[in-house]
Amino acid sequence: MVGMQQRQPFLMGALIIIAAWWVGGAACVRLFSQLLPDTLTGRYLSLNSSFIPFIIALVLVIRKLLSMDWGEFVADGKRMTIGWPLLIFLLWLLVFSLSTFLEYRLDPGRFTRGAALPDWARFLPILLLVTPLQTAAEELLFRAYLARWMQQARIHRALIILFSGLLFLSVHLLNPEISRYGDTLWIYLYYLLFGSSMMAIALAEGSFLLPIVIHTANNLFSIAIVNYEGTVLAAPSLFIDTVPDPMVSCITLSIGVLATFGILKLRIDRSASLP
């Protein structure tokens, strides 16, 4: 009975956050769609306005309902520094850049120019402000919140990782990417791998900061540098990939995850060897 009472705030909090996201978020999207111009930037801001009530509800639930501070919720009370996450951020940008460069070399015709440079430059500050908030909100819910909830219920780590991947896949099933590339299993595998691997990295690190950083690097690169046709996050990108390959995305993701775990292991071994 005590265990059930301890888990009830997590269930109630999840319902509050989801309601704020779906109901309040839908209202925000309608409002901003009327207020903002019907341009790529306007539509991008309108779509991401759904995260305003999401973030507010998330903050209130964590602080008021769960009575947890951010250090405890995100990193088990560990001191959070900028150097290590910045290294991982740059690593993933490098992985994305090399993968895209190889794809371009193999099939340059599938890439076209996107927005004009002045339009891109005007959009960039908006992107740098909005995207980290959007990715942080998703990671805090789908990784940190889920993990804290399931850890309290004493769920095995492997099941937490698997469930995170399945949940991340399920919430992306309505994305236009699924309707366009849903005839191949690779698109489903990509979302499953992304959700599972981000949870695995967080549990191995003991902090949910790295998934936020990786998710942010992924979205910044795909929105600002090379976006693709049929994406839900259409924006004034520099280039457009007209025929993206979900299989290549899965391979790129796997390389990034393996590299992250390799560096993480070196960091853990180095810390263990220090007196």
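Strands β1 (111–113) and β3 (residues 239–241) run antiparallel and are joined by 3 bridges; strands here are DSSP E runs of at least two residues, helices are H or I runs of at least four, and both are numbered from the N terminus. F111 has D241 of β3 as its bridge partner. The model is predicted, so local features need pLDDT of at least 70 and side-chain atom pairs count only at pLDDT 80 or more, while totals for chains, interfaces and linings use all residues. Residues are numbered from 1 along each chain as its sequence is written, and side-chain values use heavy atoms, with hydrogens and water left out.

The pair belongs to an open sheet of 3 strands in the order β1-β3-β2, with mixed pairing; two strands pair if DSSP finds at least two bridges between them. At the edges are β1 and β2 (226–228), each pairing on one side only. From one strand to the next, the twist averages 35 degrees.

Helix α10 (residues 209–225) lies across β2 and β3 and runs at about 80 degrees to β2. Angles run from 0 to 180 degrees between N-to-C directions, and axes are lines fitted to C-alpha atoms, for helices over the stretch in contact, where contact means heavy atoms within 4.5 Å.

The helix α10 also packs against another helix, α6 (residues 117–152): their axes come within 9 Å and cross at roughly 145 degrees. This crossing is right-handed, that is, the near helix is turned clockwise from the far one by less than a right angle. The residues of the α6–α10 contact divide into 14 nonpolar, 6 polar and 2 charged; Ala, Val, Leu, Ile, Met, Phe, Trp, Tyr, Cys and Pro count as nonpolar, Asp, Glu, Lys and Arg as charged, and the others, Gly among them, as polar.

Pockets come next. A pocket is an open set of points on a 1 Å grid over the protein atoms alone, where a 1.4 Å probe fits, with protein on both sides within 12 Å along at least five of seven lines; lining residues have an atom within 4 Å of a point. The largest pocket holds about 1,400 Å³ of space, the volume being that filled by probe spheres set on grid points joined across faces, edges and corners. It is lined by 50 residues, with H172, N175, E177, Y191 and V232 closest to its centre. Helix α10 gives the largest share of this lining, 6 residues.

The second largest pocket holds about 260 Å³. Its lining of 14 residues has A14, I18, L141, F142 and L167 nearest the centre, and by class is 14 nonpolar, no polar and no charged. The largest share, 6 residues, comes from α1.
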